[in-house]
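Thank you all for coming; I would like to walk you through one structure this morning. Please look at the screen for a moment before I start.

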Amino acid sequence: MKKFTVAALLGAIAVTTSAQAEVYHWQDELCDNRGEFDNTKYSAKQIENSHFVFDHLNSSNLNSFFPPMDINDLDTLSMTDLETLTEEYKQVKHNVERLDVVPDAKGYKQELVKSIDGEYKHNKLTILAYLEPIQAMRQSPLMCKQYIEPFFRNETAVQDKWQQLVEKRALTNSYAMSRYQDEKASNPAKYAKIDLITFGFGNCVNDQVYHADSEKTYIYRQQLNKIVFGESLTKVCAEP
């Protein structure tokens with residue numbers, strides 16, 4: 001029978017341990033990061049996908065539609081925008097759902113899916129509020145309908161609601177009233193529409209949909225890196 005010395009056995013164990021430890025590098029805004037992970041538990045791709053999830057939890061994930069900010073934008077708005085948005089939403093959501101992440105990041109992946117759902121709802125309802133307000137009224141949160149209702153009455157109701165919105169904004173924005181006066185003198189109907197729908201209605205809907213907490217996201221990301229890399233995690237950061 002072949003005999004092994006203690007030194008040979010220890011050498012074999014060291015090789016095995018080394019084979020399980022794999023180095024992963026990544027960069028963030030200020031730092032180069034490095035850590036060793038157990039490749040029998042995770043893959044580098046799982047870690048990369050998990051970081052992708054955290055990178056996108058507090059950012060915009062749908063980029064095919066931006067609510068009108070200027071009266072010239074109103075002329076280009078159409079239901080094609082909703083079709084394009086919906087296709088983008090389906091693809092982006094599918095791409096996230098199929099991500100293979102480390103087990104401890106699965107819950108955060110679901111948070112990202114919820115965030116994408118909320119972003120889609122916000123943009124979809126904004127488009128409908130401009131183009132099919134009846135549908136927007138049916139699908140919108142109750143407290144947000146107040147910004148669309150005046151359009152079903154008359155222009156006086158629209159102008160009154162616009163003035164109320166501006167007066168409330170003026171309490172914290174010293175430029176709100178002067179801008180309102182300029183817009184009212186220029187094109188009151190179109191500027192009222194943008195202010196009430198893009199800002200009044202849009203911001204209201206945005207407040208009602210899911211958003212991941214940015215401070216908690218940062219904490220959870222640090223916790224996940226601690227789980228994956230343990231004490232091996234190192235950072236080399238540029239001066240801020």
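Let me begin with a question: which residues in α6 are buried? Before I answer, please keep in mind that this is a predicted model. The buried residues of α6 are Ala157, Val158, Gln159, Lys161, Trp162, Leu165 and Val166, and among the elements that cover them are α7, residues 176-186, and α8, residues 188-208. The length of α6 can be checked as well: the helix covers residues 155-170, and its 16 residues, at 1.5 Å a residue, should span 22 Å, which agrees with its end C-alpha atoms, because these are 22 Å apart.

Now I turn to the sheet. It is an open sheet of 3 strands in the order β1-β2-β3, and the pairing is antiparallel. β1, residues 21-27, and β3, residues 234-237, stand at the edges with a single partner strand each, so each of them has one side left without a neighbour in the sheet. On average, and ignoring direction, neighbouring strands are turned by 15° against each other.

If we follow β1 towards β2, a hairpin of 3 residues joins the two strands, and β1 then pairs with β2, residues 31-38, over 7 bridges in the antiparallel sense. Within that pairing, Tyr24 stands opposite Gly35 of β2, and Ala21 has Asp38 of β2 as its bridge partner. Between β2 and β3 the pairing is again antiparallel, here over 4 bridges, with Arg34 opposite Thr234 in β3.

Finally, I come to a pair of helices. The axes of α3, residues 79-97, and α4, residues 106-131, come within 10 Å and cross at roughly 175°, and the two helices are therefore roughly antiparallel to each other. The residues of α3 in this contact include Leu82, Leu85, Tyr89 and Val92, and those of α4 include Leu112, Ile116, Tyr120 and Ile127. Taken together, the contact residues divide into 13 nonpolar, 2 polar and 6 charged.

Technical notes
Residues numbered from 1 in each chain as written. Predicted model: local features only at pLDDT ≥ 70, side-chain atom pairs only at ≥ 80, totals over all residues. Heavy atoms only, no water. Axes fitted to C-alpha atoms, helices over the stretch in contact; angles between N-to-C directions. Parallel < 35°, antiparallel > 145°, perpendicular 65-115°, else oblique. Contact = heavy atoms within 4.5 Å. Nonpolar A, V, L, I, M, F, W, Y, C, P; charged D, E, K, R; others polar. Pairing = 2+ DSSP bridges. Expected span 1.5 Å × (residues − 1). Buried < 20%, exposed > 50% of the residue type's maximum accessible area, 1.4 Å probe, protein only.
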